[in-house]
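Biologist: I've got this one open on screen. Can you walk me through the packing?

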Amino acid sequence: MPAEGATKDMIEAPEKEPLDVDGPGAVRVEAVGRTFITRRGQLDALAGMSLHVGSGEVVSVVGPSGCGKTTLLELVCGLQTPDSGTVSSAPAALMPQRDLLLPWLGALDNACLALRARGLGRDRARRQAQPWLERFGLGGFERTRPAELSGGMRQRVSFLRTLLAGKPVLALDEPFAALDAITRLQMQGWLSHVLETEPRTVVLVTHDVEEAIVLADRVVVMSPRPGRAVAEIEVPLKRPRHRTDAHVVELREQALEALGMPR
Amino acid sequence: MRRLASRGWRPLVLLAVLIGTWELYVDLGGADSLILPPPHQIASSLYDDRSLLWSSFLVTAREVLLGIMLAAIAGFACAVALHFSTRTLRPAVYPLLIASQTVPVPIIAPLLVLWLGFGILPKLVVIALVSFFSIVVTTLAGLAAVDPELPKLMRTFDATRVRVFRLVELPAALPGVFTGAKISVVVAVIGAVFAEQAGSSSGLGYLFQQSVPQLLTARAYAAVVILSAFAILLFGLLALAERLVLPWAYQPLGERPA
């Protein structure tokens, strides 16, 4: 498996650029149905949902609240199994909606969490994460706890933690939803830049259509619950993209239309 | 220290007012000083009987400290075991734990003396019994209060169950452990008194029991004062340790860098 190779590489040669993910990092979700039994009865989260993401492709999934976007990501990450249909995905690491940083750890140790989870010792994990922290503009904040970091910084630490899991697929669950508008725009530009230098297969769930267009190679629009893909919009635009670019605006309107918003 | 100096006078003022009222009440003939000794008699007993009180205190302090350690180790281990077996062990054991708390200590203490003799052992068991429960409950609550998304996240990082516990759940539960310990030190002191009264020849609880029939009420109250001061001291030490060990739990949400 490609993830294995990448993992070994990271452990043995931390100074080298790790995370080589040339191999197949594809995600295939075929006609998946997922139903939850709640106290108020059956809840169909997904029905006939399909999603194909090629290796190294960035795909955004947009849809109304409660359309099963988070369920979709958990299926991709193997945290749930579908009731019908199939999910096959290269190993995926989750970046949760809230940053979920551990309040007792500094930024560096929080970023190390995925490495520690795999069994790396603290010092090795720190040595490996340190250059990344600096690259992500977090140098000097190694020992700063989350409560003292800004929202944008916390989100960068959270992203780094998921990146250092060394998985070929990143499952990002509304990563910037909790940020203020200006920080969100900055973080979108930042993530776009990072993914250019660190290509990964990315499934980015968001309810922000503009974010979806600016970041993704392709946008998949989902229906209200039970969620399924109702439209697909290719984004054949060069990066970096700007939200006021006429093409971006046009694609955004297309996506909003697919979501049922009249022009 | 400055915070302590600026706020520490408040309980002292309240205490002074209470003691003053008490003193006046007894002095003006509100109560027989044999039944309710005035504070100045307790104070002079604290001084006059200092060597007796001190040697008794050492006995009780040893029992309390060892008993709490026993309770902390057993309570923590029990909480972790129940946490790891939420489905089977926890529903089976939890009701019994609660039941163990309803056993009246004054009744079980003499039985323990019969079984375990007059030494320190029955005292440790009584103290551990009364202080064990709060440690189990608060530790268990702390372990269970971890955001349910975190174990999920850790699973996508390929963490084993033990690593999720060590890296995420255990540190998250530590504030709860301290809360339980702070509650249990206070009840442990009460437990020590009951245990000593059930059968012993030394300690503050024993001294208290011996002093009342001898009409040495001031001495009995002096023993109570020392027990209270000891409980406050232990509580304060734990609170201090908590701040040193878990600074993040006290981190104020202050200014954040942009």
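Modeller: Start at A:Leu51. Beyond its neighbours within four places in sequence, A:Leu51 is in contact (heavy atoms within 4.5 Å) with A:Val27, A:Arg28, A:Val29, A:Val59, A:Val61, A:Leu72, A:Val203 and A:Val220. This is a predicted model, where local features need pLDDT of at least 70, side-chain atom pairs count only at pLDDT 80 or more, and totals for chains, interfaces and linings use all residues. Residues are numbered from 1 along each chain as its sequence is written, chains are lettered from A and ligands numbered from 1 in the order written, and side-chain values use heavy atoms, with hydrogens and water left out.

Biologist: How many residues are in the largest nonpolar core?

Modeller: It has 69 residues. A core here is a set of buried Ala, Val, Leu, Ile, Met, Phe, Trp, Tyr and Cys residues joined through side-chain atoms within 4.5 Å. Buried means under 20% relative accessible area, exposed over 50%, partly exposed in between, with a 1.4 Å probe and protein chains only. A:Leu51, A:Leu72, B:Val64, B:Met154, B:Phe157 and B:Leu204 have the most contacts inside the core.

Biologist: Which helix gives the most to this core?

Modeller: Helix H9 of chain B, residues 161-198, with 10 residues. Helices are DSSP runs (H or I, at least four residues), numbered from the N terminus. Another core, of 48 residues, lies apart; A:Leu115, A:Ala129, A:Val209 and A:Leu215 are among them.

Biologist: Back to A:Leu72. What about H2(A), buried or exposed?

Modeller: Mostly covered. Seven of the eight residues in H2(A), residues 69-76, are buried. They are A:Lys69, A:Thr71, A:Leu72, A:Leu73, A:Glu74, A:Leu75 and A:Val76. After H2(A) comes A:Gly78, with a positive phi near 75 degrees.

Biologist: New topic. How many aromatic pairs over all chains?

Modeller: Nine. Rings of Phe, Tyr and Trp (its six-membered ring) pair if their centres lie within 6.5 Å; planes under 30 degrees apart are stacked, over 60 edge-to-face, the rest tilted.

Biologist: Why is A:Phe159 with A:Trp190 edge-to-face?

Modeller: Because their planes sit at 80 degrees, with ring centres 5.6 Å apart. A:Phe159 is in H6 of chain A and A:Trp190 in H7 of chain A, 31 residues apart. A:Phe159 counts as buried at 2% relative accessibility, and A:Trp190 does at 16%.

Biologist: Which residues do ring pairs link into a cluster?

Modeller: A:Trp132, A:Phe136, A:Phe159 and A:Trp190.

How values were computed. Helices (H or I, at least four residues) and strands (E, at least two) are DSSP runs, numbered from the N terminus.
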